[in-house]
Amino acid sequence: QVQLVESGGGLVQPGGSLRLSCAASGSIFSIDAMGWYRQAPGKQRELVAYITSGGSTKYADSVKGRFTISRGNAKNTVYLQMNSLKPEDTAVYYCNAAVWDNDYGGMDYWGKGTLVTVSS
């Protein structure tokens with residue numbers, strides 16, 4: 001079993017910034033990729049960004065140039081720096097990890113989510 005713990009969500013004004021953090025722990029042999037998804041009320045969950053163990057990144061078109069995903073010095077951590085935030089960025093943000101689990105093999109794990117609200 002693997003646990004993902006997110007932090008950093010909150011209320012911010014349009015044009016402001018937030019930094020989300022996620023830390024993975026548990027029965028981890030390796031992590032192939034970590035990423036962030038978000039879900040707004042009445043909408044499907046969508047990919048925001050991900051980063052692989054090799055450092056490759058991908059972003060949703062809606063956040064390119066504004067958001068940056070990175071891995072921490074502790075390898076089982078990932079960050080999402082969000083700049084120039086817009087009201088349409090308001091959503092619950094979920095951390096995701098593609099993990100080689102010691103017990104189950106290749107598995108996807110999800111955090112509980114952290115709420116980001118962009119409003120004046």
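Student: What should I know before we start?

Tutor: This is a predicted model, where local features need pLDDT of at least 70, side-chain atom pairs count only at pLDDT 80 or more, and totals for chains, interfaces and linings use all residues. Residues are numbered from 1 along each chain as its sequence is written, and side-chain values use heavy atoms, with hydrogens and water left out.

Student: Why is threonine 68 called partly exposed?

Tutor: Its relative accessible area is 43%. Buried means under 20%, exposed means over 50%, and partly exposed is in between (1.4 Å probe, protein chains only). The value 43% falls in between, so threonine 68 is partly exposed.

Student: Which strand holds threonine 68?

Tutor: Strand 7, residues 67–71. A strand is a DSSP run of E with at least two residues, numbered from the N terminus.

Student: Which residues does threonine 68 contact, leaving aside neighbours within four places in sequence?

Tutor: Tyr59, Tyr79, Leu80 and Gln81. Contact means heavy atoms within 4.5 Å.

Student: How far is threonine 68 from arginine 19?

Tutor: They are 49 residues apart in sequence. In space the separation is 9.4 Å, C-alpha to C-alpha.

Student: What makes strand 9 and strand 4 a pair?

Tutor: Two strands pair if DSSP finds at least two bridges between them. Strand 4 (residues 28–39) and strand 9 have ten, in the antiparallel sense. Therefore they pair. Isoleucine 31 stands opposite valine 99 in strand 9.

Student: How do you know that strand 9 pairs with strand 10?

Tutor: Six bridges join them, and they run antiparallel. Alanine 97 stands opposite tyrosine 109 in strand 10. A hairpin through three residues joins strand 9 to strand 10.

Student: Which strands pair with strand 11, and in what sense?

Tutor: Strand 2 (residues 10–12) pairs with strand 11 in the parallel sense, over three bridges. There, valine 116 is the bridge partner of glycine 10. Strand 9 is joined to strand 11 by three bridges, running antiparallel. Leucine 115 is the bridge partner of valine 92.

Student: Which side chains of strand 11 are buried?

Tutor: Thr114, Val116 and Val118, which point to one face.

Key. Helix = DSSP H or I, 4+ residues; strand = E, 2+ residues; numbered from the N terminus.
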